[in-house]
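Thanks for making time this morning. I would like to walk through one structure, beginning with a helix and ending with the strands.

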Amino acid sequence: MNKIYVIDVTNRDGVQTSRLGLAKLEKTMINIFLNEMGIFQSELGFPYTHHEMNYINANLELAEIGLINPMRLEGWCPVILKEVENSFRFTKMKHINLSISTSEQMTKGKFQGRKTRKDVLNMMVEAVEKAKELGADTIGVNAEDASRTDDEYLVRFARAAKEHGAVMFRYCDTLGYDDPFTIYQRVKLLAEEVQIPIELHCHNDLGMAVACSVAGAKGAIDGGVDAYINTALNGMGERAGNADLVSVILAIKKSSGFHQGKYVLDERVDLSKAWKIAKYAGYAFGVPIPINQVGVGENAFAHESGIHADGALKDRRNYELYDFEELGRGEPEIVESGRKITVGEYGGIKGFRNVYDKLEIEFKNDEEATKILELARYANVHTQKPLTNDELKFIAKYPEQAKKIMTVAPLVPPEG
Ligand SMILES: [Zn+2]
């Protein structure tokens, strides 16, 4: 039975957002939380980019020792042979997505007549062959601007990708140009013609990213293949953003045409982690969750007007489509309202011990405590905001990987 899986791209597309970004430690925490949430795969970054390499290798180590498991970690790379080589030379990445634009607009507009669409197809095939040769376990091929690419070319492109060993095809609605009806038709056609699992990568320029993602997934299933929806936490991403993770999960689990029967979400997805992960992403990006955000906004379960409040109190189902408890909401949260000691880049051992005592983490001796303090300081150099309890616990428990994640040294080769 074909299913719908989630591939979160916060750590790749989300961090491409203009004026916003994440520290490597924050990207790591997001991978840990996504894994806890049962997400199928995280596109964790750019394995050919120098400053990402230590972070990527450390996260692959965390996968090996079981902290980030079973979620798959995959890197994004353009269809450029040198970058494919660098990805495999400097990182232990095993899963890769190779990306190139397929529309006439972008082929002409970007290559300025230096490449034809036939060249684009050949470049993609060469990159797939190169990744295979360098030991990739799985290769996905991304058609950037697929929604503005004609069917005939897109089918040819996807077919060539499959023939050369790609196991997934990413349909990118790069400019948010599709609507739910067009994407359904086009993805269904691709699925029927090529029979390759399809990723839906939708942007929100027309406010339809979530709707297009689920409609596209329906098209893939109806065409006889698995669907993989690309999401981003809190809908972060370039311009108007990507499809929001929590909204996509809710749409598949709760909307009238999805919640029963044929269109089934990967059962490992645990919606009860939604509140925690959305709040963390808001903090890490420095972008508060909008009050009316789907599922996790302050007002998502708030009622004020007479008829609504009365109705919700009599029977929550009158005005609530799903329960806040399902998203992990409703637990009391302790907020320190008096003295607070935080851990920062200029902190000292006394304050640091106080913070870790509260988390009930003990150190063997002063030497160990000093080492962890130094790492916590560096973590704050990267994040530039007070470290969260989960970040502090991670650093204390996985100091070797934490050290690697925070090692960002210009013009120094990455560690093995
Ligand atoms: Zn994108």
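What we have here is a predicted model, in which local features need pLDDT of at least 70, side-chain atom pairs count only at pLDDT 80 or more, and totals for chains, interfaces and linings use all residues. Residues are numbered from 1 along each chain as its sequence is written.

Helix α13, residues 366-383, has 18 residues and spans 25 Å from its first C-alpha to its last, close to the 26 Å expected. Within α13, the buried residues (20 or more other C-beta atoms within 10 Å of their own, the C-beta atoms being placed from the backbone) are L373, L375, A376, A379, N380 and T383. They sit on the same side of α13 because they cover an arc of only 165 degrees around the axis, the arc being that of the directions from the helix axis to the C-beta atoms. On the other side of α13, D366 and E367 are exposed, that is, with 12 or fewer such neighbours. After α13 comes Q384, with a positive phi near 55 degrees.

Turning to the strands, eight of them close into a barrel, in the order β1-β2-β3-β4-β5-β6-β7-β8, with parallel pairing, where two strands pair if DSSP finds at least two bridges between them. Strand β2 (residues 41-45) is joined to strand β3 (residues 72-78) by four bridges, and G45 has G75 as its bridge partner in β3.

Note on methods:
Helix = DSSP H or I, 4+ residues; strand = E, 2+ residues; numbered from the N terminus. Expected span 1.5 Å × (residues − 1).
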